[in-house]
Amino acid sequence: MSRNLLIIIGIGCALITAALIITKQAEFKIESPYLYELYKRGELKPISELRALLTDKDEKIRASSIRMLSIWGDKKSIPDIHKLLDDKSAEVRSEAILAITGLNGRQSIPEIRGFLDDKDEGVRCTAFCMLVDMEDKKSCPKMRTMLGSEKDVLFRNLIVLSLAKLKDKESIPEIRKLLDEQSTEPINIRLRTNSIDVLADMGDKESIPKIKELLKDEQEIIRKHVALSLGQLGDRESIPQIKEILDDKNSYFRVNAAISLIEMGETSLITKEITKDIERQTRRNAPVFYEGNIYQRAKDALKKLEDIHKAKEGK
């Protein structure tokens with residue numbers, strides 16, 4: 001996936017989630033060199049000037065103008081921005097999708113769905129992210145189709161996590177198929193680990209036999225995710241493998257292993273240090289697109305440990 005595509009995704013998340021308030025007196029950063037030049041000369045009129053630039057011959061100027069109008073929250077520009085949804089430039093179409101979604105909210109959902117078939121991957125991805133952000137479950141059937149048709153592996157990773165975020169259990173059969181990926185490229189391995197984690201998060205016990213086969217996978221990272229997922233699914237036969245992960249250098253694996261063991265009543269190896277790791281997990285508030293139900297599981301595990309300690313003290 002191209003760098004520009006990743007930038008588009010980042011911009012989309014920022015526009016939807018940020019609470020950005022700008023007044024005419026406020027200082028603000030203008031990313032476009034064209035608009036910044038106008039600003040330096042004192043000729044930038046945040047609304048009227050930007051609206052006029054929506055028809056500029058330069059696609060970069062059109063795209064920047066859309067972005068700034070969206071940041072200003074100018075809903076009166078929606079009709080003009082709407083026309084640019086059919087722009088020949090993929091960058092302009094993506095910016096128009098972001099702006100229409102930001103300015104019009106959920107009312108824009110039906111129209112944005114249509115861009116899941118856009119010829120440009122970046123535009124498809126932008127529309128996809130906006131629909132997921134607005135939790136549009138009606139888009140799930142199309143997303144399931146895209147999981148099998150999209151060639152870009154990074155995008156397929158995003159689709160898997162998005163279907164999990166939308167709790168679309170009908171996607172489970174398609175996600176199971178991804179466990180058969182053979183490529184050893186890092187991004188393909190990530191697709192498999194994401195698929196393993198998502199199947200566990202969805203509580204898909206029917207996947208246990210298929211997931212168990214991967215305990216012999218040559219990739220260590222795959223084997224770790226498999227063991228943890230089996231533990232999350234309550235497969236007690238995986239306890240020996242999970243115990244080995246308690247000493248892993250990566251805190252993510254240590255915490256997940258500890259939580260799985262606690263959930264299955266295996267608390268004898270849970271040290272104070274590991275308990276602190278779990279506590280830190282519950283305090284983390286860094287923004288992530290999808291991280292399953294790890295936070296709630298961590299809280300429940302700590303509560304279970306607390307109850308066990310209280311019971312021992314009571315005796």
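## A tour of two helix sites

Start by selecting H16 and H18: H16 passes H18 in a left-handed crossing, left-handed meaning that the near helix is turned anticlockwise from the far one by less than a right angle. You are looking at a predicted model, where local features need pLDDT of at least 70, side-chain atom pairs count only at pLDDT 80 or more, and totals for chains, interfaces and linings use all residues. Residues are numbered from 1 along each chain as its sequence is written, and side-chain values use heavy atoms, with hydrogens and water left out.

H16 covers residues 251–263 and H18 residues 294–314; their axes come within 9 Å and cross at roughly 55 degrees. Show side chains for the contact (heavy atoms within 4.5 Å): H16 brings Asn256, Ile259, Ser260, Ile262 and Glu263, while H18 brings Ile294, Arg297, Ala298, Ala301, Lys304 and Leu305.

Next, select residues 153–165, helix H10. Its 13 residues reach 18 Å from first C-alpha to last, close to the 18 Å expected at 1.5 Å a residue (1.5 Å times one less than the number of residues). Of these 13 residues, 11 are buried (under 20% relative accessible area, 1.4 Å probe, protein chains only), among them Phe155, Arg156 and Asn157.

Finally, visit both ends of H10. At its start, a side-chain oxygen of aspartate 152 reaches to within 3.0 Å of the backbone nitrogen of leucine 154. After H10 comes lysine 167, with a positive phi near 55 degrees.

Methods. Helices (H or I, at least four residues) and strands (E, at least two) are DSSP runs, numbered from the N terminus. Buried means under 20% relative accessible area, exposed over 50%, partly exposed in between (1.4 Å probe, protein chains only). A polar contact is a pair of N or O atoms within 3.5 Å; within protein, one must be able to donate a hydrogen and the other to accept it, and residues adjacent in sequence count only if both atoms are side-chain atoms. Axes are lines fitted to C-alpha atoms, for helices over the stretch in contact, and angles run from 0 to 180 degrees between N-to-C directions.
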